[in-house]
Structure formats: structure tokens, C-alpha cells
Amino acid sequence: MANPGYGKRDAPDQRPRTNHDFAHLPPREAAVAAYIDRLPDGADISVKTLAKHTPYGQCALRTSLNNLQQAGHLRRGREHVTGSGSQLWITRTWFTRTARDDDWWASFTRGDVPADSPEERHRRPTRSRAFVLLAALGRTAPALSLSQADCAVLAPLVGEWFERGANEDSVRHALTAGLPTPVHHPAALIRRRLTSKMPPEPAAVRPPLRMLECAKCGVPGRAEALAGGVCGDCRGECAPPRPSSAPVAASAVHAYAAATRAALIDRRRERPRV
């Protein structure tokens, strides 16, 4: 694991893991991405640590990480520690198995995760996280075995628990602890428990402040200006010249005015007289 404030952070709203998540990448990048994808949050993914656990050297890994950033799987940046009462910023490296474009990453830095396109929603499995939990209840508590129709009806209630910060273990414990004997109507019992034990809504939390850094020079900048995670200077783009704000010397002003007057006098002399 990395030191506090460093290490891998999973980006939100990723599609479920499959065997061909990184098939669009070259073999080395696909292997590195698959390895990072299975690491937990907070894992050290620096090139030195990755070189100890993969068959690649540090230079090759540095190139692979930059290529993963270019492909939309990784971004480096900083995030403000909310609730600390200070101006503390910590380093973040966000990773997603679902490749994202520059617009998505720009929205992510503003705390707004954009909705997936209709094509991406179509690829998602029809069974939600809540549905899977309900369907598996009968394995640990046979008295709570549910039909497919019951799972579909009750899944929105479980989804609301998840939205309020509950995890699978807390939902499962709330549904299975202290069951009566016998259970005549499993679906009715689960509905009553999901409704009566619903956790409170979390307090409104401001989205975290984030900024991204260039993959090559490390200079922070607006996400919109970091195409593929690289700034314009490192991409070889020439920035437009900025107007100088330095004051102009009085002697330069007088010289320019004198030259202008002399040019006007010469032009008058050259005009033909009628």
C-alpha cells in the first residue's frame, strides 16, 4: 500500500469486470492495466513498486502508464481534503477499467460524473447490484428465498440503501438477523425491514476540489487543456503570444509620435498641387 494521500483510486461508475476489458490496448499496456485494475484502493502503483511485481522495467512501465493515460484509463492530479479545515491537497492517481474521454475527466474534476451514453447503458448487465444481493439471500437464509419477480420489485428499495451509504454486509444483516420462525411471506418481511430500517439520508456533501496534472511535465492545469492528459506545451502546441502588461517608456512614446508626425509631413509634401 502507498503512503496516505497517494496510491490508486478507482474512478466511479465503471462497468463490471470482463475478460476482454483491455483488449483494445497493446499487450504490455493491457497486462499492466489488468494488474492495476485488480489492486485495491490505496495500492502503490508507482513505477518502482510495479517493477517489483511485473516483468517490466521502470522505463517501460513509465511509458505504459502514460499510454494508459492517453487511452483514458488513468489520470494523475490533486484533490483537496474536505473537512480538514486547512488548504491541504493530496496526490491522487485515478484509474478506470472503462476508458473515458477528455470531457468525462473534465466533468469528474468538477465533481460531476456524466451519465453514460445509451450504447454503454445497453452493454450493462440487466441484473443490478441490488438484484444480485436479493437473489443470493436464500443461500445464507433459506427462509428468505425470493422469486425473480420479488427481486425485481424489491431491488429499488435496496438501491436506495446503497445510495444512502449502506454496503452489502449491512443490508444483508438487516434482512437476516433475528428472523421469526417460520417465515410465511419472505417478500413481505423483506419489504417491511427495508422500509422500517432504512438508514437516514446522508448530509449534503460538497463535491471535492480536484485538478489534473500533465503526464509528462507534471504541471497542473485545467482538465479541458490536458488532451489525453498532456498539456499543450508537451504536445508541441505553440501558445498564442500574450500582450505585455509592462508600461511603455515615455521616450518610446515620444519617438513614435515624432516618427508619425514626420511621416504625415512627408506625405503632404508628396501630394501634387492643383
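Tutor: Rings of Phe, Tyr and Trp (for Trp, the six-membered one) make a pair if their centres lie within 6.5 Å; planes under 30 degrees apart are stacked, over 60 edge-to-face, and the rest tilted. The model here is predicted, so local features need pLDDT of at least 70 and side-chain atom pairs pLDDT 80 or more, while totals for chains, interfaces and linings use all residues. Residues are numbered from 1 along each chain as its sequence is written, and side-chain values use heavy atoms, leaving out hydrogens and water.

Student: Okay, how many aromatic pairs does the rule give?

Tutor: Five aromatic pairs.

Student: What makes Trp94 and Phe108 edge-to-face?

Tutor: Their ring centres are 5.4 Å apart, so they pair, and the planes sit at 85°, so edge-to-face is the word. The two come from distant parts of the chain: Trp94 is in strand 3 (residues 89–95) and Phe108 in helix 4 (residues 102–109), 14 residues apart.

Student: And why is the pair of Trp104 and Phe108 called stacked?

Tutor: With centres 5.5 Å apart they pair, and planes at 10° make them stacked. Both belong to helix 4, four residues apart, or about one turn of the helix.

Student: Which residues form the aromatic cluster?

Tutor: Trp94, Trp104, Trp105 and Phe108 make up one cluster.

Student: How do you know whether Trp104 is buried or exposed?

Tutor: Check its relative accessible area (under 20% is buried, over 50% exposed, in between partly exposed, using a 1.4 Å probe and protein chains only). Trp104 has 5%, so buried it is. Phe108, at 3%, counts as buried because of the same test. Trp94 is buried too.

Student: On to helices. Why are helix 8 and helix 10 called roughly parallel?

Tutor: Angles under 35 degrees are roughly parallel, over 145 roughly antiparallel, 65 to 115 roughly perpendicular, and the rest oblique. The axes of helix 8 (residues 148–163) and helix 10 cross at roughly 15°, coming within 10 Å. Helix 8 and helix 10 are therefore roughly parallel.

Student: What makes helix 9 and helix 10 oblique?

Tutor: The axes of helix 9 (residues 168–176) and helix 10 (residues 186–196) cross at roughly 120° and come within 9 Å. That angle falls among "the rest", so helix 9 and helix 10 are oblique to each other.

Student: Which residues of helix 9 and helix 10 meet?

Tutor: Counting heavy atoms within 4.5 Å as contact, Val171, Ala174, Leu175 and Thr176 of helix 9 meet Ile190, Arg193 and Leu194 of helix 10.

Conventions
Axes fitted to C-alpha atoms, helices over the stretch in contact; angles between N-to-C directions.
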